[in-house]
Amino acid sequence: MALLILSTPNMFDVAFRKWVVQKTMEFGSFDKVSELVTSPIQNFLEDRLDVMSDKLREVEENFEILHDYSMTPQRRPKILMQTCGHVAGAAFYYQPRHFREENVDWPPPGKMGPNLKFIGLSLHPTCGGHFAFRSVLIFPNVLIPEYRESVPPSILSAHEEVREALEKFNYNWKDSG
Ligand code: B12
């Protein structure tokens, strides 16, 4: 069994805000938190996962946690979150290779920055692009009998619409253009 953890925009207003307030009290001031906590989102998620892991360990000792930022020593992602999101039925993964048109050079070459690939985009059925993949928990000893993968609902239908979304994600992600 594996569990995929996503965050939705509420995470910032609810759980993350609480964590910042708690750290501010712990360190004495918000300035101290800004100075000492170098990766706030990552630290916040790790703190929350530690609490969850302790509880989980009471029922199952053997599990591994991988994060979206977990890398191999060769700096390759240890886990591909968009693929996980699709097979988990959480968010439809639009992969560029499925939306090419015959005899059309798409995506247009040379528009991505150096060393950047034109990548696919996952869209959640209710949050659209306003979510992030965070972590995966893998329980090698827990098997789910008769498990059936669910297909994530797709919120885009026309290929043209998908190509437009993919271009915006790859070319305009900084300005939401
Ligand atoms: C490397 C990486 C980057 C790099 C390089 C990006 C690039 N353009 O080249 C950098 C650091 C620059 C970057 C930037 C950003 N990223 Co980024 N990045 C990643 C990361 C770590 C790995 C992606 C990767 O390398 N994939 C490898 C390729 C080869 O995988 P693939 O094309 O999917 O191929 C596989 C599938 O086809 C699969 N497969 C084969 N057959 C089948 C069949 C089916 C049905 C399925 C489902 C799969 C499947 O097998 C292939 C591999 O063998 C992921 C997190 C993660 N751990 O997954 C985030 C991730 C892709 N990034 C994300 C985001 C949001 C961004 C930014 C917008 C963040 C920001 N605000 O700064 C920017 C800009 C993105 C952009 N458009 O370029 C999100 C995307 C969310 C989404 N909704 O889709 C991710 C998932 C992170 C997350 N936590 O949610 N990123």
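**Reading the sheet**

A: Strand 2 and strand 5 (residues 132-138) pair in the antiparallel sense, over four bridges. This is a predicted model: local features need pLDDT of at least 70, side-chain atom pairs count only at pLDDT 80 or more, and totals for chains, interfaces and linings use all residues. Residues are numbered from 1 along each chain as its sequence is written.

Q: What counts as a strand, and when do two strands pair?

A: Helices (H or I, at least four residues) and strands (E, at least two) are DSSP runs, numbered from the N terminus. Two strands pair if DSSP finds at least two bridges between them. In general, strands of a sheet pair through backbone hydrogen bonds, either parallel or antiparallel.

Q: In what order do the three strands form the sheet?

A: The order is 1-5-2, in an open sheet with antiparallel pairing. Strand 1 (2-7) and strand 2 (64-67) stand at the edges with a single partner strand each, so one side of each has no neighbour in the sheet. Neighbouring strands are turned by 20° against each other on average, direction ignored. For such angles, axes are lines fitted to C-alpha atoms, for helices over the stretch in contact, and angles run from 0 to 180 degrees between N-to-C directions.

Q: How many bridges join strand 1 to strand 5?

A: Six bridges join them, and the two run antiparallel. Now look at single residues. Serine 135 in strand 5 is the bridge partner of isoleucine 5. Serine 135 is also the bridge partner of histidine 67. Glutamate 64 has isoleucine 138 of strand 5 as its bridge partner.

Q: Which residues come nearest to the ligand?

A: A residue is near a molecule or strand if its C-beta atom, placed from the backbone, lies within 6 Å of it. There are 23 residues around the ligand, and Asp68, Met81, His86, Ser122 and Phe133 come nearest. Helix 4 (81-87), strand 4 (121-123), strand 5 and helix 5 (159-171) each supply at least two residues of this shell. Helix 4 gives the most, with five residues.

Q: Is histidine 86 buried or exposed?

A: Count its neighbours. A residue is buried if 20 or more other C-beta atoms lie within 10 Å of its own, exposed if 12 or fewer, and partly exposed in between; C-beta atoms are placed from the backbone. Histidine 86 has 20 such atoms, so this residue is buried. Its place is in helix 4. The C-alpha atoms of histidine 86 and histidine 124 are separated by 9.7 Å, though the two are 38 residues apart along the chain.

Q: Where is cysteine 127?

A: Cysteine 127 is in the loop between strand 4 and strand 5. With 16 other C-beta atoms within 10 Å, cysteine 127 is partly exposed.

Q: Which residues make up the largest nonpolar core?

A: In soluble globular proteins, nonpolar side chains tend to be buried together. A nonpolar core is a set of buried Ala, Val, Leu, Ile, Met, Phe, Trp, Tyr and Cys residues joined through C-beta atoms within 7 Å. The largest one here has nine residues, among them Ala90, Tyr93, Leu123 and Val162. Its largest share, three residues, comes from strand 3.
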